[in-house]
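Have a go at each one before you read its solution.

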Number of protein chains: 4
Amino acid sequence: MIAFTLRDPAYAERVRASFGRQAFMTHIGAAIVHLAPGEVDISCLAKPQLTQQHGYFHAGVTSSIADSAAGYAALSLFEPGTGVLTTEFKINLVAPARGQRLIARGRVVKPGRTLTICRSDVYAGDNDAETLCATALLTMMQAPGLSD
Amino acid sequence: MIAFTLRDPAYAERVRASFGRQAFMTHIGAAIVHLAPGEVDISCLAKPQLTQQHGYFHAGVTSSIADSAAGYAALSLFEPGTGVLTTEFKINLVAPARGQRLIARGRVVKPGRTLTICRSDVYAGDNDAETLCATALLTMMQAPGLSD
Amino acid sequence: MIAFTLRDPAYAERVRASFGRQAFMTHIGAAIVHLAPGEVDISCLAKPQLTQQHGYFHAGVTSSIADSAAGYAALSLFEPGTGVLTTEFKINLVAPARGQRLIARGRVVKPGRTLTICRSDVYAGDNDAETLCATALLTMMQAPGLSD
Amino acid sequence: MIAFTLRDPAYAERVRASFGRQAFMTHIGAAIVHLAPGEVDISCLAKPQLTQQHGYFHAGVTSSIADSAAGYAALSLFEPGTGVLTTEFKINLVAPARGQRLIARGRVVKPGRTLTICRSDVYAGDNDAETLCATALLTMMQAPGLSD
(Lines give C-alpha, C1' and ligand atoms only; values in the text may rest on other atoms or scores of the structure.)
Protein backbone atom coordinates (compact mmCIF):
# COMPACT_ATOMS: atom_id res chain seq x y z
CA MET A 1 0.00 0.00 0.00
CA ILE A 2 0.97 3.62 -0.38
CA ALA A 3 2.01 5.57 2.70
CA PHE A 4 1.18 9.25 2.44
CA THR A 5 2.80 12.22 4.12
CA LEU A 6 0.30 14.12 6.20
CA ARG A 7 0.88 17.90 6.12
CA ASP A 8 -2.11 19.02 8.17
CA PRO A 9 -2.87 17.26 11.47
CA ALA A 10 -6.32 18.89 11.37
CA TYR A 11 -7.06 17.41 7.96
CA ALA A 12 -10.26 15.70 9.03
CA GLU A 13 -11.87 18.88 10.37
CA ARG A 14 -10.74 20.77 7.28
CA VAL A 15 -12.23 18.21 4.91
CA ARG A 16 -15.52 17.99 6.82
CA ALA A 17 -15.85 21.78 7.06
CA SER A 18 -15.26 22.22 3.33
CA PHE A 19 -17.64 19.39 2.48
CA GLY A 20 -20.23 21.10 4.67
CA ARG A 21 -19.96 24.16 2.43
CA GLN A 22 -20.62 22.15 -0.74
CA ALA A 23 -24.32 22.94 -0.82
CA PHE A 24 -24.72 20.68 -3.83
CA MET A 25 -23.72 17.65 -1.75
CA THR A 26 -26.52 18.50 0.67
CA HIS A 27 -28.90 19.01 -2.25
CA ILE A 28 -28.32 15.43 -3.41
CA GLY A 29 -28.23 14.02 0.11
CA ALA A 30 -24.57 12.97 0.06
CA ALA A 31 -22.51 12.36 3.20
CA ILE A 32 -18.92 11.46 4.03
CA VAL A 33 -18.91 7.92 5.41
CA HIS A 34 -15.16 7.26 5.57
CA LEU A 35 -12.23 9.63 5.96
CA ALA A 36 -8.53 8.82 6.31
CA PRO A 37 -5.36 10.36 4.82
CA GLY A 38 -5.72 10.06 1.05
CA GLU A 39 -9.09 8.27 1.35
CA VAL A 40 -12.64 9.58 1.35
CA ASP A 41 -15.88 7.68 0.76
CA ILE A 42 -19.07 9.57 -0.04
CA SER A 43 -22.47 7.90 0.01
CA CYS A 44 -25.87 8.88 -1.26
CA LEU A 45 -29.25 7.18 -0.82
CA ALA A 46 -31.67 6.56 -3.68
CA LYS A 47 -34.54 8.99 -4.06
CA PRO A 48 -36.74 9.90 -7.03
CA GLN A 49 -35.05 13.28 -7.55
CA LEU A 50 -31.72 11.64 -8.40
CA THR A 51 -32.87 9.45 -11.27
CA GLN A 52 -32.38 9.42 -14.99
CA GLN A 53 -35.08 8.31 -17.44
CA HIS A 54 -34.85 4.59 -16.59
CA GLY A 55 -35.10 5.10 -12.84
CA TYR A 56 -31.42 4.55 -12.01
CA PHE A 57 -29.12 7.10 -10.38
CA HIS A 58 -28.30 9.75 -13.00
CA ALA A 59 -24.71 9.63 -14.27
CA GLY A 60 -24.45 13.17 -13.00
CA VAL A 61 -24.99 11.98 -9.43
CA THR A 62 -22.46 9.20 -9.85
CA SER A 63 -19.95 11.69 -11.28
CA SER A 64 -20.65 14.27 -8.59
CA ILE A 65 -19.88 11.99 -5.66
CA ALA A 66 -16.94 10.40 -7.51
CA ASP A 67 -15.52 13.89 -8.00
CA SER A 68 -16.10 15.09 -4.43
CA ALA A 69 -14.74 11.87 -2.92
CA ALA A 70 -11.53 12.19 -4.93
CA GLY A 71 -11.24 15.93 -4.31
CA TYR A 72 -11.45 15.46 -0.56
CA ALA A 73 -9.09 12.49 -0.64
CA ALA A 74 -6.61 14.89 -2.26
CA LEU A 75 -7.37 17.78 0.12
CA SER A 76 -6.71 15.51 3.09
CA LEU A 77 -3.03 15.47 2.09
CA PHE A 78 -2.66 19.17 1.24
CA GLU A 79 -0.89 21.78 3.33
CA PRO A 80 -3.01 24.07 5.49
CA GLY A 81 -3.90 27.27 3.63
CA THR A 82 -4.39 25.59 0.27
CA GLY A 83 -7.56 24.58 -1.53
CA VAL A 84 -8.48 21.91 -4.03
CA LEU A 85 -9.75 22.32 -7.58
CA THR A 86 -10.75 19.55 -9.96
CA THR A 87 -8.70 19.96 -13.11
CA GLU A 88 -10.27 17.14 -15.09
CA PHE A 89 -11.66 13.67 -14.74
CA LYS A 90 -12.66 10.68 -16.79
CA ILE A 91 -15.32 8.25 -15.74
CA ASN A 92 -16.43 4.91 -17.14
CA LEU A 93 -19.99 3.94 -16.28
CA VAL A 94 -19.65 0.18 -16.29
CA ALA A 95 -23.06 -0.94 -15.00
CA PRO A 96 -26.46 0.64 -14.27
CA ALA A 97 -26.40 2.49 -10.94
CA ARG A 98 -29.39 0.84 -9.31
CA GLY A 99 -30.15 0.01 -5.72
CA GLN A 100 -30.70 1.78 -2.44
CA ARG A 101 -27.27 3.27 -2.06
CA LEU A 102 -24.45 4.69 -4.13
CA ILE A 103 -20.99 4.94 -2.63
CA ALA A 104 -17.91 6.55 -4.17
CA ARG A 105 -14.53 5.54 -2.80
CA GLY A 106 -11.98 8.26 -3.63
CA ARG A 107 -8.30 7.33 -3.27
CA VAL A 108 -5.11 9.26 -3.95
CA VAL A 109 -2.97 7.40 -6.50
CA LYS A 110 -0.09 9.86 -6.72
CA PRO A 111 0.21 12.95 -4.56
CA GLY A 112 2.10 15.93 -5.95
CA ARG A 113 3.00 19.51 -5.18
CA THR A 114 0.80 20.93 -7.92
CA LEU A 115 -1.24 18.00 -9.20
CA THR A 116 -2.58 15.02 -7.29
CA ILE A 117 -3.93 12.04 -9.23
CA CYS A 118 -6.86 10.16 -7.73
CA ARG A 119 -9.12 7.25 -8.50
CA SER A 120 -12.77 6.90 -7.54
CA ASP A 121 -14.68 3.65 -7.75
CA VAL A 122 -18.42 3.92 -7.36
CA TYR A 123 -20.54 1.01 -6.14
CA ALA A 124 -24.32 0.71 -6.22
CA GLY A 125 -26.42 -1.71 -4.29
CA ASP A 126 -28.34 -2.69 -1.27
CA ASN A 127 -27.20 -3.77 2.15
CA ASP A 128 -26.18 -7.22 1.20
CA ALA A 129 -24.62 -6.70 -2.23
CA GLU A 130 -22.65 -4.04 -4.05
CA THR A 131 -21.77 -3.79 -7.71
CA LEU A 132 -19.08 -1.65 -9.29
CA CYS A 133 -21.01 0.81 -11.44
CA ALA A 134 -18.33 3.38 -12.29
CA THR A 135 -14.60 3.91 -12.17
CA ALA A 136 -12.98 7.31 -12.53
CA LEU A 137 -9.49 8.77 -12.87
CA LEU A 138 -9.16 12.38 -11.71
CA THR A 139 -6.58 15.17 -11.56
CA MET A 140 -6.80 17.53 -8.58
CA MET A 141 -4.86 20.76 -8.22
CA GLN A 142 -3.50 22.21 -5.00
CA ALA A 143 -4.36 25.92 -5.11
CA PRO A 144 -2.26 28.00 -2.71
CA GLY A 145 -4.16 30.83 -1.10
CA LEU A 146 -7.53 29.27 -1.80
CA SER A 147 -9.55 28.98 1.36
CA ASP A 148 -11.14 25.56 1.48
CA MET B 1 -20.20 21.10 -41.06
CA ILE B 2 -21.36 17.56 -40.53
CA ALA B 3 -24.66 16.48 -42.03
CA PHE B 4 -26.39 13.80 -39.99
CA THR B 5 -28.85 11.16 -41.08
CA LEU B 6 -32.11 11.49 -39.19
CA ARG B 7 -33.69 8.12 -38.40
CA ASP B 8 -36.66 9.28 -36.36
CA PRO B 9 -38.80 12.17 -37.65
CA ALA B 10 -40.28 12.46 -34.16
CA TYR B 11 -36.83 12.88 -32.60
CA ALA B 12 -37.67 16.17 -30.88
CA GLU B 13 -40.68 14.78 -29.05
CA ARG B 14 -38.71 11.69 -28.10
CA VAL B 15 -35.83 13.70 -26.69
CA ARG B 16 -38.10 16.06 -24.77
CA ALA B 17 -40.17 13.22 -23.34
CA SER B 18 -37.08 11.35 -22.14
CA PHE B 19 -35.55 14.51 -20.70
CA GLY B 20 -38.82 15.08 -18.85
CA ARG B 21 -38.32 11.70 -17.15
CA GLN B 22 -34.81 12.62 -15.94
CA ALA B 23 -35.96 13.72 -12.49
CA PHE B 24 -32.42 14.75 -11.66
CA MET B 25 -32.52 17.42 -14.38
CA THR B 26 -35.62 18.87 -12.72
CA HIS B 27 -33.94 18.63 -9.32
CA ILE B 28 -31.12 20.90 -10.51
CA GLY B 29 -33.42 23.16 -12.51
CA ALA B 30 -32.02 22.26 -15.93
CA ALA B 31 -33.92 22.81 -19.18
CA ILE B 32 -33.38 22.09 -22.87
CA VAL B 33 -32.87 25.44 -24.62
CA HIS B 34 -31.81 24.23 -28.08
CA LEU B 35 -32.62 21.04 -29.94
CA ALA B 36 -31.68 20.05 -33.49
CA PRO B 37 -30.43 16.80 -35.06
CA GLY B 38 -27.17 15.98 -33.30
CA GLU B 39 -27.34 19.14 -31.16
CA VAL B 40 -28.77 19.77 -27.70
CA ASP B 41 -28.11 22.68 -25.35
CA ILE B 42 -29.07 22.39 -21.69
CA SER B 43 -29.10 25.37 -19.38
CA CYS B 44 -29.25 25.78 -15.62
CA LEU B 45 -29.59 28.92 -13.50
CA ALA B 46 -27.42 29.64 -10.46
CA LYS B 47 -28.91 28.89 -7.08
CA PRO B 48 -27.33 28.21 -3.69
CA GLN B 49 -28.11 24.48 -3.79
CA LEU B 50 -25.86 23.96 -6.81
CA THR B 51 -22.64 25.36 -5.36
CA GLN B 52 -19.34 23.90 -4.24
CA GLN B 53 -17.35 25.30 -1.31
CA HIS B 54 -16.26 28.51 -3.08
CA GLY B 55 -19.73 29.46 -4.25
CA TYR B 56 -19.34 28.41 -7.89
CA PHE B 57 -21.40 25.77 -9.68
CA HIS B 58 -20.24 22.35 -8.42
CA ALA B 59 -18.28 20.33 -10.98
CA GLY B 60 -21.00 17.73 -10.58
CA VAL B 61 -23.59 20.14 -11.98
CA THR B 62 -21.32 21.06 -14.87
CA SER B 63 -20.73 17.38 -15.59
CA SER B 64 -24.40 16.49 -15.26
CA ILE B 65 -25.62 18.94 -17.88
CA ALA B 66 -22.63 18.25 -20.13
CA ASP B 67 -23.55 14.55 -19.98
CA SER B 68 -27.28 15.02 -20.56
CA ALA B 69 -26.73 17.50 -23.42
CA ALA B 70 -24.43 15.05 -25.19
CA GLY B 71 -26.67 12.07 -24.46
CA TYR B 72 -29.69 13.77 -25.99
CA ALA B 73 -27.66 15.06 -28.95
CA ALA B 74 -26.86 11.38 -29.58
CA LEU B 75 -30.42 10.17 -28.97
CA SER B 76 -31.73 12.69 -31.52
CA LEU B 77 -30.00 10.62 -34.22
CA PHE B 78 -30.95 7.16 -32.96
CA GLU B 79 -33.57 4.89 -34.47
CA PRO B 80 -37.00 4.71 -32.82
CA GLY B 81 -37.13 1.94 -30.25
CA THR B 82 -33.60 2.42 -28.99
CA GLY B 83 -32.34 4.17 -25.89
CA VAL B 84 -29.14 5.96 -24.94
CA LEU B 85 -26.60 5.06 -22.27
CA THR B 86 -23.49 7.03 -21.34
CA THR B 87 -20.54 4.67 -21.65
CA GLU B 88 -17.88 7.05 -20.43
CA PHE B 89 -16.83 10.67 -20.55
CA LYS B 90 -13.90 12.90 -19.82
CA ILE B 91 -14.24 16.51 -18.80
CA ASN B 92 -11.71 19.30 -18.38
CA LEU B 93 -12.80 22.07 -16.03
CA VAL B 94 -10.91 24.97 -17.56
CA ALA B 95 -12.25 27.93 -15.56
CA PRO B 96 -14.41 28.49 -12.46
CA ALA B 97 -18.10 28.07 -13.29
CA ARG B 98 -19.39 31.38 -11.95
CA GLY B 99 -22.23 33.59 -13.08
CA GLN B 100 -25.97 33.48 -13.37
CA ARG B 101 -26.23 30.77 -15.96
CA LEU B 102 -24.50 27.57 -17.02
CA ILE B 103 -25.11 26.21 -20.51
CA ALA B 104 -23.85 22.93 -21.96
CA ARG B 105 -23.76 22.59 -25.72
CA GLY B 106 -23.77 18.89 -26.66
CA ARG B 107 -22.79 18.02 -30.23
CA VAL B 108 -22.39 14.70 -32.02
CA VAL B 109 -18.85 14.35 -33.38
CA LYS B 110 -19.17 10.89 -34.92
CA PRO B 111 -22.43 8.95 -35.05
CA GLY B 112 -22.22 5.17 -35.10
CA ARG B 113 -24.36 2.07 -35.02
CA THR B 114 -23.23 1.05 -31.55
CA LEU B 115 -21.22 4.01 -30.23
CA THR B 116 -21.72 7.70 -30.88
CA ILE B 117 -18.96 10.12 -29.92
CA CYS B 118 -20.02 13.56 -28.66
CA ARG B 119 -18.49 16.75 -27.39
CA SER B 120 -19.98 19.08 -24.81
CA ASP B 121 -18.69 22.59 -24.18
CA VAL B 122 -20.01 24.27 -21.07
CA TYR B 123 -20.15 28.05 -20.74
CA ALA B 124 -20.79 30.08 -17.60
CA GLY B 125 -21.76 33.67 -17.39
CA ASP B 126 -24.33 36.38 -17.35
CA ASN B 127 -26.45 37.84 -20.09
CA ASP B 128 -23.74 39.86 -21.70
CA ALA B 129 -20.73 37.56 -21.43
CA GLU B 130 -20.00 33.85 -21.48
CA THR B 131 -16.80 32.04 -20.63
CA LEU B 132 -15.86 28.49 -21.54
CA CYS B 133 -15.66 26.70 -18.21
CA ALA B 134 -15.53 23.06 -19.29
CA THR B 135 -15.04 20.88 -22.32
CA ALA B 136 -15.98 17.23 -22.43
CA LEU B 137 -15.59 14.26 -24.77
CA LEU B 138 -18.22 11.53 -24.34
CA THR B 139 -19.09 8.08 -25.67
CA MET B 140 -22.78 7.24 -25.94
CA MET B 141 -24.20 3.81 -26.68
CA GLN B 142 -27.32 3.02 -28.66
CA ALA B 143 -29.19 0.38 -26.68
CA PRO B 144 -31.73 -1.54 -28.78
CA GLY B 145 -34.88 -2.42 -26.89
CA LEU B 146 -34.31 0.22 -24.25
CA SER B 147 -37.31 2.47 -23.93
CA ASP B 148 -36.15 6.06 -23.75
CA MET C 1 -10.17 -10.56 -6.82
CA ILE C 2 -12.23 -10.88 -9.94
CA ALA C 3 -12.76 -14.29 -11.48
CA PHE C 4 -13.20 -14.17 -15.22
CA THR C 5 -15.01 -16.55 -17.52
CA LEU C 6 -12.68 -17.96 -20.12
CA ARG C 7 -14.38 -18.44 -23.50
CA ASP C 8 -11.39 -19.58 -25.55
CA PRO C 9 -9.11 -22.31 -24.13
CA ALA C 10 -6.56 -21.33 -26.78
CA TYR C 11 -6.53 -17.72 -25.60
CA ALA C 12 -2.79 -17.58 -25.02
CA GLU C 13 -1.90 -18.68 -28.53
CA ARG C 14 -4.47 -16.29 -29.96
CA VAL C 15 -3.10 -13.33 -28.01
CA ARG C 16 0.51 -14.12 -28.87
CA ALA C 17 -0.27 -14.62 -32.55
CA SER C 18 -2.14 -11.31 -32.77
CA PHE C 19 0.59 -9.50 -30.85
CA GLY C 20 3.11 -10.94 -33.32
CA ARG C 21 1.20 -9.21 -36.11
CA GLN C 22 1.39 -5.82 -34.42
CA ALA C 23 4.44 -4.68 -36.36
CA PHE C 24 4.52 -1.48 -34.33
CA MET C 25 5.20 -3.46 -31.15
CA THR C 26 8.23 -5.00 -32.85
CA HIS C 27 9.29 -1.56 -34.09
CA ILE C 28 9.49 -0.27 -30.52
CA GLY C 29 10.96 -3.51 -29.15
CA ALA C 30 7.98 -4.45 -26.99
CA ALA C 31 7.33 -7.99 -25.75
CA ILE C 32 4.65 -9.78 -23.75
CA VAL C 33 6.17 -10.76 -20.41
CA HIS C 34 3.04 -11.96 -18.59
CA LEU C 35 -0.18 -13.47 -19.89
CA ALA C 36 -3.13 -14.84 -17.95
CA PRO C 37 -6.92 -14.57 -18.38
CA GLY C 38 -7.70 -10.85 -18.18
CA GLU C 39 -4.05 -9.93 -17.58
CA VAL C 40 -1.26 -8.97 -19.96
CA ASP C 41 2.04 -7.23 -19.19
CA ILE C 42 4.07 -5.70 -22.00
CA SER C 43 7.63 -4.55 -21.51
CA CYS C 44 9.98 -2.40 -23.52
CA LEU C 45 13.67 -1.61 -23.00
CA ALA C 46 15.10 1.90 -23.18
CA LYS C 47 16.82 2.90 -26.40
CA PRO C 48 17.56 6.28 -27.95
CA GLN C 49 14.84 5.93 -30.61
CA LEU C 50 12.09 5.86 -27.99
CA THR C 51 12.87 9.16 -26.27
CA GLN C 52 11.23 12.54 -26.07
CA GLN C 53 13.21 15.78 -25.88
CA HIS C 54 14.43 15.28 -22.28
CA GLY C 55 15.68 11.75 -22.86
CA TYR C 56 12.83 9.89 -21.17
CA PHE C 57 10.50 7.41 -22.84
CA HIS C 58 8.12 9.38 -25.09
CA ALA C 59 4.53 9.51 -23.80
CA GLY C 60 3.62 7.85 -27.09
CA VAL C 61 5.62 4.76 -26.15
CA THR C 62 4.06 4.67 -22.70
CA SER C 63 0.60 4.99 -24.24
CA SER C 64 1.31 2.41 -26.92
CA ILE C 65 2.24 -0.36 -24.53
CA ALA C 66 -0.49 0.65 -22.08
CA ASP C 67 -2.98 0.33 -24.92
CA SER C 68 -1.68 -2.99 -26.26
CA ALA C 69 -1.45 -4.53 -22.78
CA ALA C 70 -5.07 -3.63 -22.04
CA GLY C 71 -6.26 -4.66 -25.49
CA TYR C 72 -4.74 -8.10 -25.14
CA ALA C 73 -5.96 -8.47 -21.56
CA ALA C 74 -9.43 -7.92 -23.03
CA LEU C 75 -8.87 -10.23 -26.02
CA SER C 76 -7.82 -13.03 -23.68
CA LEU C 77 -11.43 -13.18 -22.46
CA PHE C 78 -13.16 -12.86 -25.83
CA GLU C 79 -14.87 -15.64 -27.74
CA PRO C 80 -12.99 -17.27 -30.61
CA GLY C 81 -13.74 -15.56 -33.91
CA THR C 82 -13.88 -12.06 -32.47
CA GLY C 83 -11.31 -9.30 -32.53
CA VAL C 84 -10.46 -6.38 -30.29
CA LEU C 85 -10.60 -2.66 -31.07
CA THR C 86 -9.60 0.17 -28.74
CA THR C 87 -12.58 2.49 -28.47
CA GLU C 88 -10.96 5.12 -26.30
CA PHE C 89 -8.54 5.55 -23.45
CA LYS C 90 -7.39 8.11 -20.93
CA ILE C 91 -3.92 8.16 -19.48
CA ASN C 92 -2.36 10.17 -16.67
CA LEU C 93 1.40 10.53 -16.89
CA VAL C 94 2.23 10.81 -13.22
CA ALA C 95 6.05 10.74 -13.26
CA PRO C 96 8.84 10.93 -15.86
CA ALA C 97 9.30 7.57 -17.59
CA ARG C 98 13.01 7.09 -17.00
CA GLY C 99 15.09 4.00 -16.46
CA GLN C 100 16.10 0.91 -18.34
CA ARG C 101 12.69 -0.65 -18.65
CA LEU C 102 9.07 0.30 -19.09
CA ILE C 103 6.35 -2.21 -18.23
CA ALA C 104 2.61 -1.84 -18.75
CA ARG C 105 0.33 -4.07 -16.71
CA GLY C 106 -3.04 -4.33 -18.46
CA ARG C 107 -5.94 -5.70 -16.41
CA VAL C 108 -9.61 -6.22 -17.20
CA VAL C 109 -11.78 -4.26 -14.75
CA LYS C 110 -15.19 -5.17 -16.16
CA PRO C 111 -15.70 -7.63 -19.00
CA GLY C 112 -18.75 -7.18 -21.21
CA ARG C 113 -20.41 -8.55 -24.29
CA THR C 114 -19.75 -5.42 -26.34
CA LEU C 115 -17.42 -3.29 -24.22
CA THR C 116 -14.70 -4.40 -21.83
CA ILE C 117 -13.22 -1.85 -19.44
CA CYS C 118 -9.53 -2.18 -18.61
CA ARG C 119 -6.87 -0.49 -16.57
CA SER C 120 -3.18 -0.25 -17.41
CA ASP C 121 -0.54 0.86 -14.95
CA VAL C 122 2.87 1.60 -16.41
CA TYR C 123 6.04 1.37 -14.34
CA ALA C 124 9.48 2.64 -15.27
CA GLY C 125 12.73 1.71 -13.65
CA ASP C 126 15.71 -0.50 -13.36
CA ASN C 127 16.08 -3.99 -11.99
CA ASP C 128 15.92 -3.03 -8.38
CA ALA C 129 13.28 -0.32 -8.35
CA GLU C 130 10.13 0.53 -10.24
CA THR C 131 8.08 3.73 -10.18
CA LEU C 132 4.53 4.18 -11.34
CA CYS C 133 4.81 6.56 -14.28
CA ALA C 134 1.36 6.30 -15.84
CA THR C 135 -2.11 4.99 -15.16
CA ALA C 136 -4.71 4.50 -17.84
CA LEU C 137 -8.39 3.62 -18.13
CA LEU C 138 -9.42 2.06 -21.43
CA THR C 139 -12.53 0.85 -23.25
CA MET C 140 -12.09 -2.14 -25.57
CA MET C 141 -14.70 -3.40 -28.00
CA GLN C 142 -15.33 -7.00 -28.97
CA ALA C 143 -15.72 -7.00 -32.74
CA PRO C 144 -17.48 -10.13 -34.05
CA GLY C 145 -16.12 -11.36 -37.36
CA LEU C 146 -12.86 -9.50 -36.97
CA SER C 147 -9.94 -11.85 -37.33
CA ASP C 148 -7.43 -11.14 -34.61
CA MET D 1 -11.62 32.31 -33.13
CA ILE D 2 -9.33 32.53 -30.15
CA ALA D 3 -6.53 35.09 -30.16
CA PHE D 4 -3.52 33.96 -28.18
CA THR D 5 -0.84 36.00 -26.46
CA LEU D 6 2.57 35.17 -27.83
CA ARG D 7 5.28 35.25 -25.15
CA ASP D 8 8.24 34.10 -27.22
CA PRO D 9 8.86 35.69 -30.64
CA ALA D 10 11.23 32.82 -31.40
CA TYR D 11 8.53 30.24 -30.70
CA ALA D 12 8.82 28.54 -34.09
CA GLU D 13 12.54 27.86 -33.75
CA ARG D 14 12.01 26.66 -30.20
CA VAL D 15 9.27 24.24 -31.18
CA ARG D 16 11.20 22.87 -34.15
CA ALA D 17 14.39 22.45 -32.14
CA SER D 18 12.56 20.56 -29.38
CA PHE D 19 10.70 18.42 -31.89
CA GLY D 20 14.06 17.60 -33.48
CA ARG D 21 15.17 16.17 -30.14
CA GLN D 22 12.14 13.85 -29.88
CA ALA D 23 13.95 10.85 -31.30
CA PHE D 24 10.72 8.87 -31.14
CA MET D 25 9.12 11.19 -33.70
CA THR D 26 11.99 10.44 -36.07
CA HIS D 27 11.65 6.74 -35.30
CA ILE D 28 8.05 6.76 -36.54
CA GLY D 29 8.79 9.14 -39.43
CA ALA D 30 6.70 12.05 -38.11
CA ALA D 31 7.19 15.65 -39.23
CA ILE D 32 5.73 19.05 -38.37
CA VAL D 33 3.70 20.21 -41.36
CA HIS D 34 2.02 23.29 -39.87
CA LEU D 35 3.10 25.63 -37.10
CA ALA D 36 1.42 28.80 -35.84
CA PRO D 37 0.79 30.22 -32.34
CA GLY D 38 -1.32 27.63 -30.54
CA GLU D 39 -1.44 25.34 -33.58
CA VAL D 40 0.77 22.45 -34.66
CA ASP D 41 0.05 19.73 -37.21
CA ILE D 42 2.16 16.58 -37.26
CA SER D 43 2.03 14.11 -40.10
CA CYS D 44 3.24 10.57 -40.54
CA LEU D 45 3.27 8.34 -43.65
CA ALA D 46 2.08 4.74 -43.65
CA LYS D 47 4.73 2.05 -43.42
CA PRO D 48 4.60 -1.58 -42.30
CA GLN D 49 6.41 -0.87 -39.01
CA LEU D 50 3.58 1.35 -37.78
CA THR D 51 0.74 -1.13 -38.08
CA GLN D 52 -1.42 -3.07 -35.65
CA GLN D 53 -2.68 -6.58 -36.34
CA HIS D 54 -5.22 -5.57 -39.02
CA GLY D 55 -2.76 -3.48 -41.03
CA TYR D 56 -3.97 -0.05 -39.90
CA PHE D 57 -1.89 2.53 -38.06
CA HIS D 58 -1.47 1.33 -34.46
CA ALA D 59 -3.44 3.37 -31.91
CA GLY D 60 -0.07 4.07 -30.30
CA VAL D 61 1.06 5.94 -33.41
CA THR D 62 -2.17 7.89 -33.55
CA SER D 63 -1.82 8.76 -29.88
CA SER D 64 1.85 9.64 -30.21
CA ILE D 65 1.36 12.26 -32.91
CA ALA D 66 -1.84 13.55 -31.27
CA ASP D 67 0.16 14.07 -28.08
CA SER D 68 3.18 15.70 -29.72
CA ALA D 69 1.01 18.00 -31.87
CA ALA D 70 -0.87 19.22 -28.80
CA GLY D 71 2.27 19.51 -26.70
CA TYR D 72 3.96 21.70 -29.28
CA ALA D 73 0.82 23.76 -29.83
CA ALA D 74 1.01 24.48 -26.09
CA LEU D 75 4.77 25.11 -26.09
CA SER D 76 4.36 27.67 -28.88
CA LEU D 77 2.56 29.91 -26.36
CA PHE D 78 4.87 29.35 -23.40
CA GLU D 79 7.43 31.81 -22.07
CA PRO D 80 11.08 31.31 -23.01
CA GLY D 81 12.89 29.20 -20.43
CA THR D 82 9.95 26.86 -19.77
CA GLY D 83 9.29 23.37 -21.03
CA VAL D 84 6.19 21.33 -21.71
CA LEU D 85 5.04 18.10 -20.06
CA THR D 86 1.96 16.08 -20.92
CA THR D 87 -0.06 15.70 -17.74
CA GLU D 88 -2.79 13.50 -19.16
CA PHE D 89 -4.85 12.92 -22.25
CA LYS D 90 -7.94 11.12 -23.43
CA ILE D 91 -8.40 9.91 -26.96
CA ASN D 92 -11.38 8.45 -28.79
CA LEU D 93 -10.50 6.29 -31.75
CA VAL D 94 -13.57 6.88 -33.89
CA ALA D 95 -12.62 5.10 -37.14
CA PRO D 96 -9.88 2.76 -38.38
CA ALA D 97 -6.70 4.71 -39.16
CA ARG D 98 -6.14 3.52 -42.71
CA GLY D 99 -4.63 5.22 -45.72
CA GLN D 100 -1.33 6.67 -46.82
CA ARG D 101 -1.10 9.45 -44.30
CA LEU D 102 -2.01 10.25 -40.73
CA ILE D 103 -2.17 13.88 -39.62
CA ALA D 104 -2.76 15.19 -36.09
CA ARG D 105 -3.96 18.76 -35.73
CA GLY D 106 -3.11 20.01 -32.23
CA ARG D 107 -4.86 23.19 -31.07
CA VAL D 108 -4.80 25.09 -27.79
CA VAL D 109 -8.29 25.33 -26.33
CA LYS D 110 -7.45 27.24 -23.15
CA PRO D 111 -3.98 28.55 -22.34
CA GLY D 112 -3.03 28.92 -18.69
CA ARG D 113 -0.12 29.81 -16.47
CA THR D 114 0.27 26.26 -15.14
CA LEU D 115 -2.02 24.12 -17.30
CA THR D 116 -2.89 24.52 -20.95
CA ILE D 117 -5.79 22.51 -22.38
CA CYS D 118 -5.50 21.31 -25.96
CA ARG D 119 -7.42 19.32 -28.50
CA SER D 120 -5.97 17.09 -31.20
CA ASP D 121 -7.99 15.75 -34.10
CA VAL D 122 -6.33 13.04 -36.15
CA TYR D 123 -7.25 12.39 -39.77
CA ALA D 124 -6.27 9.41 -41.89
CA GLY D 125 -6.46 9.16 -45.62
CA ASP D 126 -4.98 9.63 -49.01
CA ASN D 127 -4.40 12.74 -51.06
CA ASP D 128 -7.96 13.24 -52.08
CA ALA D 129 -9.87 12.29 -48.96
CA GLU D 130 -9.40 12.47 -45.21
CA THR D 131 -11.44 10.86 -42.46
CA LEU D 132 -11.48 11.80 -38.80
CA CYS D 133 -10.05 8.77 -37.05
CA ALA D 134 -9.39 10.11 -33.56
CA THR D 135 -10.15 13.05 -31.34
CA ALA D 136 -8.22 13.81 -28.16
CA LEU D 137 -8.42 16.20 -25.22
CA LEU D 138 -5.10 16.86 -23.49
CA THR D 139 -3.69 18.73 -20.48
CA MET D 140 -0.21 20.20 -20.88
CA MET D 141 1.86 21.66 -18.08
CA GLN D 142 4.26 24.58 -18.33
CA ALA D 143 7.38 23.54 -16.43
CA PRO D 144 9.57 26.49 -15.40
CA GLY D 145 13.26 25.76 -15.62
CA LEU D 146 12.78 22.82 -17.93
CA SER D 147 14.90 23.22 -21.04
CA ASP D 148 12.82 22.32 -24.05
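Helices (H or I, at least four residues) and strands (E, at least two) are DSSP runs, numbered from the N terminus. This is a predicted model, where local features need pLDDT of at least 70 and side-chain atom pairs count only at pLDDT 80 or more, while totals for chains, interfaces and linings use all residues. Residues are numbered from 1 along each chain as its sequence is written, chains are lettered from A in the order in which they are written, and side-chain values use heavy atoms, with hydrogens and water left out.

**Exercise 1.** Find where Arg21(D) sits and what it touches.

Solution. 
- Start with the place: Arg21(D) is in the loop between H1 and helix H2 (23-27) of chain D.
- Now look for contacts (heavy atoms within 4.5 Å). Skipping neighbours within four places in sequence, Arg21(D) meets Gln52(C), Gln53(C) and Asp148(D).
- Finally, zoom in: a polar atom of the Arg21(D) side chain is 2.8 Å from the backbone oxygen of Asp148(D).

**Exercise 2.** Work out how chain A can be laid on chain B.

Solution. 
- Superpose the copies by least squares on the C-alpha atoms of residues with pLDDT of at least 70 in both.
- A turn of 180° and a shift of 0.0 Å along the axis give an RMSD of 0.0 Å.
- The two copies are therefore related as by a two-fold rotation axis.
- In chain A, Lys90(A) has the C-alpha nearest the axis, 2.0 Å from it.

Technical notes. A polar contact is a pair of N or O atoms within 3.5 Å; within protein, one must be able to donate a hydrogen and the other to accept it, and residues adjacent in sequence count only if both atoms are side-chain atoms.
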